[in-house]
Amino acid sequence: MSVFNSLEYDDLISRHRQSSDILWALKYWHHPLFDIKEQSIKSTKLINKNTQISSIITPVHYKTLPRNSEQIKSDVLNSLALKYTIETLDNEANGYEQAKAIIHEMSHRLNIRSARFLAFVFSKIFNQVYENIYINRRGMDNIYQLYSLTPINTSPTIPSSPITISSTLFAILNTFSRSSSSINSDTNLSSPLTTKHYLTSPRIIYLPTHRSYMDFIVLTYVCFEYNIPMPCIAAAQDFLGLGLLANLLRNCGAFFIRRSFRSDQLYWTIFDEYVKTHLVHGDYPLEFFIEGARSRTLKTLLPVRQGMLKSCLECYFRRQIDNLILIPITINYEKVLEDNLHANELLGIPKPKESKSGLLKATQILKKSFGTMNIHFSDPIYVHDAYESFKKQEENKSNNHSDTFNRSVPRSLQPRFICQQDAFTVSEQKFSDEISYRVVNEQQRRTVIYPITIAAYSLLKSPIVTTSKDRSILIEQLVIDKNILFTENTNILEHFSSQYQISWPVENDKIILKDRLLSIYSDVFEMTRNNFLTLKMSGDRLADASILMKLIMYRNTCLHIFAKPAYILLACQVNSQFPISYEQLKTYYHFFVHLFAYEFVYDQFPMDNMNDIYFDKYLSYWITMNYLIPSDNSTYQINSNFLQQISLITSPFEQYARAYLLIYEQENLSSEKNLSILIKIYQKALLTKLDPNNIISILASSSNVISNALRTLNFTTKSKILSELRHMLTKIFQPKSTHLRAKL
């Protein structure tokens, strides 16, 4: 844990406010291997050179510059895999026409002209709505080294041409020039292009978190700022309804895919080949969201949708590429642009469709301030190294049980013209799961804790907020709660999220803290005459529930840090009248780990007979902190002197557990097997009982919590698992659950 230090970051907003946006957008942006029309003499001469360059280790290097959109589409349509799939269809001629229509709708048209326009427009928007956009310098240095460019820290400014009138005019002429320069055979070739990485082009995949629509734009914006290749971005087909903006996104690298297409073999083949051709040829970096969807709860989602990641990994497994570089990116928002929409969606209000009219309404956000954005590029993950390490671990585990002769056909020898959705072996699937969790955990480690997170934690510690006292808090109490959560308990959090940061006023300046919360979250807070920070509760049932849901969302941003350690305290707290044995405590701990398997992302997905190596460490820590008192007969009890601290830490997890109990106590509403329909049925029943002053009622009515609670059940033995979960939760929370049920 550390306090956020802005000196370690580049601030794009402060830099842009000191210069002209139009000059910046028209700056000389030139990357020889990745510009389609801006081809330098040196790069063309080097790539067309017939002799092998001595500094190139591998014999594989580019003969031509990256393909344009039409060439990529042509290569996909002429691929063996697509031809084979079309041949299996009943109507081959119709299948080819369908394929052309699909690829036309899907493909991007990345070009520098549109990127310049997007850069100009969004520099205006970002300058208006954000106070700061911070980029970590070390992460950008790593990317520069991948492209064999000069690291940022070697010079005081970004290694790009100065933004002057002359350079801008040169950029305009270079961008719109239709003529090509003649190549001088005596051109000097001493340039960074003569390194291995530059010629072979690293196969980079950017994997950002996904909390807002801004996530689609911001990475292209950053790449343009730092003069590095702009990525091709996987976007949902819903965005095609945005009209001109959809075309702008397409021209800036977005390619549009359906949300679900597993049953459509033709579409799957085209999608699979489209992703693979970018990696095999190394045209552009790729960007997609490993969580698969925007997180309305602001929690990290389980990486369960691995279709695109599998397509990328399959290129490596089939030896079509020699390595793959994954770069996890954490995008932290002090205030999410769509927090109102997120809260309403979780409470069952349908999401407005992406449309031009909706886009015009969204321009109202330009009148508000959304604080700061923090973008953190983590260290690259090299798939080759990770897979070799994984294979060694698996060999050591199955040392005496593995077959001496591997009778399976190596992936590199399997026919590439057969496109299969589930072609991974057990070992490859296990590696895919492991690398997914590694990416997500790396994203979680870079969490930034903002004041709103502490305020939400403090205001929601009581499950019932009926009185004005429950809705209010002193600024001084926020400082106390911040110290309890993130200062006193730093050591217990370090193993899982040692690199999270706290963005907090210097020396706990209470005036700055108060002004910041009131200015950025004016729709949530107001200040009373007696200097209390109070929730803006209007008395409207859904409006009040929406405010509390927003607080729940912002509290969620840090819950993964406390999840497992808090389970031990929670088990002791609900049994505070009696000592609890070591074995019983461990049983409750594992119960909570499995219960919240879909709610919080751990270091791995909890499996049966899982031996959690951290349990004893957590237990010892709480004993050292005097939160738990051990006795001679291996039993433990809560220290009554620390009830306030323990209640603060465990309150979110107790509320989630009670919300699960409330969901499981619903009558058997339906025999429906479709999870999406079942969630709506449960939510409709729970919303009829919604109490806007009860945190547990609001949590239980959330579509995300209902989904996670139902997914925890094994649908094949649903009745048995449901009865077991009800029994365990009732056993733990029975003393208070009756009271809560009466209130609901």
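Predicted model: local features only at pLDDT ≥ 70, side-chain atom pairs only at ≥ 80, totals over all residues.
**Entry 1: salt bridges overall**

I began with charged side chains. Side chains of opposite charge can pair when their charged atoms come close. I searched the whole structure and found 28 salt bridges. I then looked up a few of them one by one.

**Entry 2: Glu 225 and Arg 15**

Which residue does Glu 225 pair with in a salt bridge? I found Arg 15, with the closest N and O atoms 2.9 Å apart. This pair links distant parts of the chain, since Glu 225 belongs to helix α11 (residues 214–225) and Arg 15 to helix α1 (residues 12–16), 210 residues apart.

I also checked how accessible the two partners are. Glu 225 has 4% relative accessibility, which is under 20%, so I noted it as buried. Arg 15 has a relative accessible area of 28% and is partly exposed.

I then asked what else joins in. Glu 225 and Arg 15 are in a network of salt bridges that also links Asp 10 and Arg 137.

**Entry 3: Lys 124 and Asp 21**

Next I looked up Lys 124, whose side chain meets that of Asp 21 in a salt bridge, at 3.4 Å from N to O. Again I was looking at distant parts of the chain: Lys 124 is in helix α7 (residues 112–129) and Asp 21 is in helix α2 (residues 21–25), 103 residues apart.

Is Asp 21 buried or exposed? I have it down as buried, at 9% relative accessibility.

**Entry 4: Glu 394 and Lys 430**

I picked one more pair, Glu 394 and Lys 430, with 3.2 Å between the closest N and O atoms of their salt bridge. Glu 394 is in helix α17 (residues 383–397), while Lys 430 is in helix α18 (residues 426–445), and the two are 36 residues apart. Lys 430 counts as partly exposed, at 38% relative accessibility.

I turned to strands here. Strands of a sheet pair through backbone hydrogen bonds, either parallel or antiparallel.

β14 and β15 (residues 532–535) are antiparallel over 3 bridges. There I spotted Met 527 opposite Leu 533 in β15.

**Entry 5: Glu 338**

Where is Glu 338 found? I located it in the loop between β8 (325–333) and α15 (339–346). Leaving out residues up to four places away in sequence, I listed what Glu 338 touches: Arg 211, Ser 212, Tyr 213 and Arg 294. I also looked up Ile 365, which is 27 residues from Glu 338 in sequence and 9.5 Å from it in space, C-alpha to C-alpha.

How values were computed
Residues numbered from 1 in each chain as written. Heavy atoms only, no water. Salt bridge = Lys/Arg side-chain N within 4 Å of Asp/Glu carboxyl O. Helix = DSSP H or I, 4+ residues; strand = E, 2+ residues; numbered from the N terminus. Buried < 20%, exposed > 50% of the residue type's maximum accessible area, 1.4 Å probe, protein only. Pairing = 2+ DSSP bridges. Contact = heavy atoms within 4.5 Å.
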